[in-house]
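Visitor: I am new to this structure. Would you kindly guide me through the terms used to describe it?

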Amino acid sequence: MTRSFNRLKRVLDLEAQQGYQNKAVVGGIRQFAVFWVEQARADAVDELDQALVEQVADVLMEYGRLPGPEARQKVIVSLQDSLQRRQTRLGVEPTPAPAPTARPSKKKQQRAQTPPPPPPPAPPPPESEIDDDSLTDEEQEFAQEQARGRQRPYTPAPLPQVDPDPDGLAKPTTSLKGVGPKIAQALEKLGAQTLWDLLFIFPRRYDDYTLLKPIKDLVYDEQVTIIGTIWETRSRRVRENQVMVQSIISDGSGTVQATWFNQPWLAEKLKAGMQVVISGKTDQFLGRLVFNSPEWEPLEMEPLKTRRIVPVYPLTQGLNSNRMRDIMRAAVSYWAPRIPEPLPAEIRQRQDLYPLPQAVYQTHFPETQETLHQARRRLVFDELFLLQLGMQGFRRDWQMQPGLPLEFDLDAIAPFYESLPFALTGAQQRVIGEIAEDVTRSIPMNRLLQGDVGSGKTVVAAVAMLMAARAGAQAALMAPTEILAEQHYQGLNKLLSPLGITVCLLTGSTPAAEKARIYAELTDGTIQVAIGTHALIQAGVQFHKLALTVIDEQHRFGVDQRQALRDKGVPNGDGVASPHVLVMSATPIPRTLALSLYGDLDLSVLDEMPPGRQEIKTRWLRNSERERAYAFVRRQVKAGRQAYVIYPLVEESDKIDAKAAVDEYERLQTEVFPDLRVGLIHGRLKSDEKEAAMRAFYTGETNILVATSVIEVGVDVPNSTVMIVEGANRFGLAQLHQFRGRVGRGEHQSYCLLIADNESAEAEERLVALEQTNDGFVLAEKDLEIRGPGEFFGRRQSGIPELKLASLLDMEMLTIAREEAETLFQADPNLEDPQHRWLAERVHTFWEHAGDVS
């Protein structure tokens, strides 16, 4: 018998003699299996031996989890029988297995339920039985560490020590052996033009052959990988002419069904008898576990034999998984060691981070789950660290620009406060104080004002604009939509014109003659406050002395639009004195995230609601309860109130969106509320039609307004008390909270009724959260947690670089990265230190295509 199988036999015999206590070797049978399997694979004499090694390894890895001596005895006896059959097959005299220790009788088992005194520790196995030539030095060292109670941290294999080669990494992918123009074109579709780009195309998932699970052990709602053989595959057409492909997969322990929709070609690819790797989340159908649209790949024997973690890369036409993996292995093996290390050594040591070359290598071809975790941790830190360094740079650059200090008498603001029919909240007074302090300095203000719906941001903005006007300068407010610009104009004109401040509204719908007059009066300074949309930044608009810009709903504007408004500042000898900037957002963002995303802005938060603001009662209703909602609306209208019915965006198309809203409007007017006046507003209406629909609702001519999400930033109607949101599960929490803020603006109790057309667990979680709280900041945290920052912000408008691995929800790593960035920036703000050369290049590259963030 070969050496490894001989060692296995002695361990199994000893385990039987000791009563199946998992103590035949120090550290347990699983630890023995870890070391045994590699030598056994080398000792295998034929394919039957190879299969036996893999079966034995699987069983030994799970041995410690078996429920007690009886189950373990069955396993050991089975393995001993397998070894004897092997001896017989190879012509070796069988060796009888020693008699196992007798199992206790049922009577003794019952008596044993009262724990006896602990037995004396089992003596260590005799050297003649286990040690002699059975354990290698490494195994013995590991066993000794286990005996001392220490877990040795896993250190990945070191990479070759070579010099960094940034010039080589900048070469096109065609410089890689085996990559011609066609493959290079396919790689470019995945985002890789250079070898550097290629190294940062990371696997989208991994098939972990180290922890495979038999089908019989699958549980519901588990992300898992299985290996099996396809028994049969069939396809058929189902509802709406979709093609459904179903395969039955078996691994010997059980069978499971996998289903794919609208991929008819799979019926040809997934042939009976084919061995496949299936990865996905287990689901349930008619009480059985199934896979719905799982990832799949043909089984490769090599990773199965070596128990590797195999990367699965994004693919495109012209690249299959094997080819992509070969390309990546060639690229990573040679070029990862040549990546320059940008992080200073003290930061790496302080945060216990892998070197960047090692992190990139282990992310592509991890040796263990632990090395994968540590590698991704390093890459996540880098992304957030570069993000924060960029923020620090923007903040410094902004503060170095010349500003326009405003000089005004605080007494000149007093009449404004006296004209208000309410007292300012403590939060409003605090924020106004922060703004007043900022605008009197020669450094331009760059402040983010966050406040929940109804917290009084408009009044704060009005005070800021009044400060500019009283200092002999001008102020401008830019809103993302005409409706919102009109609402701001109506509100601010009412507040400021009694104080002698001239206010204008400039949008795309402003008539030509009116535009010409506004342009002239902005240039000569007659108009002190301009409110509008992107029309404010058109080339023909010139301000006499623009000292303050207020940007509403920050994340809805692109970088160029925000910069264009800044560029309307006051010309001076050095160019243009930047206006003070106040950014307003009604989308609450958790403070840690706001500091990280808008690290170049100072943060003000209106965290106090005006007194008398009633809490909006929110209820989640099922489809079947819609009639209850309609009856409630009818009662409210009878009492003199008004209601909104919000209809969801079905597809990313204004046209389809409008049609859905029109259909719903006609149904409500003709079938549900034929005796009431129903209005309609949606994104496809012309500006004057929207204005007419809103005005009719505002004045009470219509009782019910059917709207699409355009109403999210609509005009305040104090008499509206009911908001019905159809298809509420289609909206994010933050957006639903914005809708809800359209009601509750008057003295009457208001209600928000959420009707879900899909009752998924995620939708239920969102809708229950809305029922439980009116706090926008609490809901923002929940929304981020559920949907992630990508959907929460929309990257195109957020102005920050794309993060490949990092999550903005990783508050702990965000905080660490921000603190390290601040420390480094204070010591070397321009990254001029020679040891920061690579870091400076990484920051520049990282931010190259992101633009400004503020």
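**Terms and values**

Guide: Among contacts in the protein chain with a separation of 6 or more, 73% join residues 24 or more positions apart; contact means heavy atoms within 4.5 Å. This is a predicted model, in which local features need pLDDT of at least 70 and side-chain atom pairs count only at pLDDT 80 or more, while totals for chains, interfaces and linings use all residues. Residues are numbered from 1 along each chain as its sequence is written, and side-chain values use heavy atoms, with hydrogens and water left out.

Visitor: Why is Gln161 called exposed?

Guide: Exposed means over 50% relative accessible area, buried under 20%, and partly exposed in between, with a 1.4 Å probe and protein chains only. The relative accessible area of Gln161 is 78%, so Gln161 is exposed. Gln161 belongs to the loop between α6 (137-147) and α7 (166-169); helices (H or I, at least four residues) and strands (E, at least two) are DSSP runs, numbered from the N terminus.

Visitor: What makes α18 largely enclosed by the rest of the structure?

Guide: Twelve of its 14 residues are buried, and α18 is therefore largely enclosed. Among them are Lys457, Val459, Leu466 and Ala469. After α18 comes Gly472, with a positive phi near 80 degrees.

Visitor: What span is expected of helix α18 (residues 457-470)?

Guide: The expected span of a helix is 1.5 Å times one less than its number of residues. For the 14 residues of α18 the expected value is 20 Å, and the helix reaches 20 Å from its first C-alpha to its last.

Visitor: Why are α2 and α3 called roughly antiparallel?

Guide: Angles under 35 degrees count as roughly parallel, over 145 as roughly antiparallel, 65 to 115 as roughly perpendicular and the rest as oblique. The axes of α2 (residues 29-43) and α3 (residues 47-62) cross at roughly 175 degrees and come within 9 Å, so the two helices are roughly antiparallel. Axes are lines fitted to C-alpha atoms, for helices over the stretch in contact, with angles from 0 to 180 degrees between N-to-C directions.

Visitor: What makes a set of residues a nonpolar core?

Guide: Such a core consists of buried Ala, Val, Leu, Ile, Met, Phe, Trp, Tyr and Cys residues joined through side-chain atoms within 4.5 Å. The largest here has 73 residues, of which Leu187, Leu199, Phe381, Leu384 and Phe385 touch the most other members. Helix α15 (residues 369-400) gives the most to this core, eleven residues. A second, separate core has 49 residues, including Val431 and Ile531.
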